[in-house]
Amino acid sequence: MTNIVVPQSFPDQLRNAVRAGLIASAVIGIIIGIVALIWPEPTLVVVAVLFGITLIFTGIYRLTMAFSAKLLPTGIRVFLGLMGAIILIAGIVCLFNPGDSLVLLAILIGVGWIFQGIQEVAAGLAGAHYAPKWFLIGSGAFSIIAGIIVLFLPGAAIATFLIVGAILLVVVSVITLFTLPRAAAVPQ
């Protein structure tokens with residue numbers, strides 16, 4: 001005789017807590033998406049400040065690693081220290097110049113897309129087997145072109161990212177509300 005283990009469903013309290021959390025996050029997502037569409041400039045300033053804060057913490061982390069990772073070779077520790085200092089300074093500059101911060105963010109995205117595109121084209125030409133050759137070369141070329149456009153038009157890219165991101169946030173949040181798990185019966 002075989003014993004079949006049937007997984008138990010979530011306890012009612014947990015299911016209702018998850019449901020409440022999903023509802024709250026969906027409503028917040030809808031509100032943030034609408035705010036971003038109505039007031040794009042203040043939203044972009046918040047994004048820029050958060051980007052600057054992230055850079056500051058990343059720079060501090062790299063500097064901490066440079067000074068505390070005694071087992072790493074000296075060259076790597078110096079590199080980490082230099083990168084940490086550069087990133088920390090960039091973060092401070094971003095906090096005091098949020099507009100420049102957004103341009104920097106767009107440039108980083110553009111450069112990332114260019115490098116990703118180069119890697120995909122090279123993989124396609126080398127005959128990588130994880131995707132069809134034509135697809136790798138085509139998607140790589142698209143990434144390179146998109147990266148170049150972002151580099152030359154960072155302001156338009158930022159505005160486009162905000163609008164598309166805000167719309168997607170609202171859509172995903174509404175979909176979340178329609179796909180919630182059923183509420184557990186409340187004992188009476």
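How many residues does helix α3 have, and how far does α3 reach from its first C-alpha to its last? Helix α3 covers residues 74-96 and has 23 residues. From first C-alpha to last, α3 reaches 33 Å, close to the 33 Å expected at 1.5 Å a residue. The model described here is predicted.

| Helix | Residues in helix | Reach, first to last C-alpha | Expected at 1.5 Å a residue |
|---|---|---|---|
| α3 | 23 residues | 33 Å | 33 Å |
| α6 | 25 residues | 36 Å | 36 Å |

**Buried residues**

In α3, the buried residues are L80, G81, G84, I87, L88, G91 and C94. They pack against α2 (40-68) and α4. In α6, the buried residues are P154, A157, I158, L162, A166, V170 and S173. An α-helix has 3.6 residues a turn, so residues three or four places apart point the same way.

**Where α3 meets α4**

Two packed helices are described by the angle between their axes and the distance between the axes. The axes of α3 and α4 cross at roughly 130° and come within 5 Å. The two helices are therefore oblique to each other. On the α3 side, C94, L95 and F96 make the contact. By class, the α3 contact with α4 has five nonpolar residues, one polar and no charged.

**A look at S101**

S101 sits in helix α4, residues 98-125. Is S101 buried or exposed? Its relative accessibility is 0%, so S101 counts as buried. The side chain of S101 reaches the backbone oxygen of A48 at 3.2 Å. Leaving aside residues up to four places away in sequence, S101 touches A48, F51, G52 and C94. C94 is itself one of the buried residues of α3.

**Where α5 meets α6**

V150, L151 and F152 of α5 meet P154, A157 and F161 of α6. The contact of α5 with α6 holds six nonpolar residues, no polar and no charged ones. P154 and A157 are also among the buried residues of α6.

Methods
Residues are numbered from 1 along each chain as its sequence is written. This is a predicted model: local features need pLDDT of at least 70, side-chain atom pairs count only at pLDDT 80 or more; totals for chains, interfaces and linings use all residues. Side-chain values use heavy atoms; hydrogens and water are left out. Contact means heavy atoms within 4.5 Å. Helices (H or I, at least four residues) and strands (E, at least two) are DSSP runs, numbered from the N terminus. Ala, Val, Leu, Ile, Met, Phe, Trp, Tyr, Cys and Pro count as nonpolar, Asp, Glu, Lys and Arg as charged, and the others, Gly among them, as polar. Buried means under 20% relative accessible area, exposed over 50%, partly exposed in between (1.4 Å probe, protein chains only). A polar contact is a pair of N or O atoms within 3.5 Å; within protein, one must be able to donate a hydrogen and the other to accept it, and residues adjacent in sequence count only if both atoms are side-chain atoms. The expected span of a helix is 1.5 Å times one less than its number of residues. Axes are lines fitted to C-alpha atoms, for helices over the stretch in contact, and angles run from 0 to 180 degrees between N-to-C directions. Angles under 35 degrees count as roughly parallel, over 145 as roughly antiparallel, 65 to 115 as roughly perpendicular and the rest as oblique.
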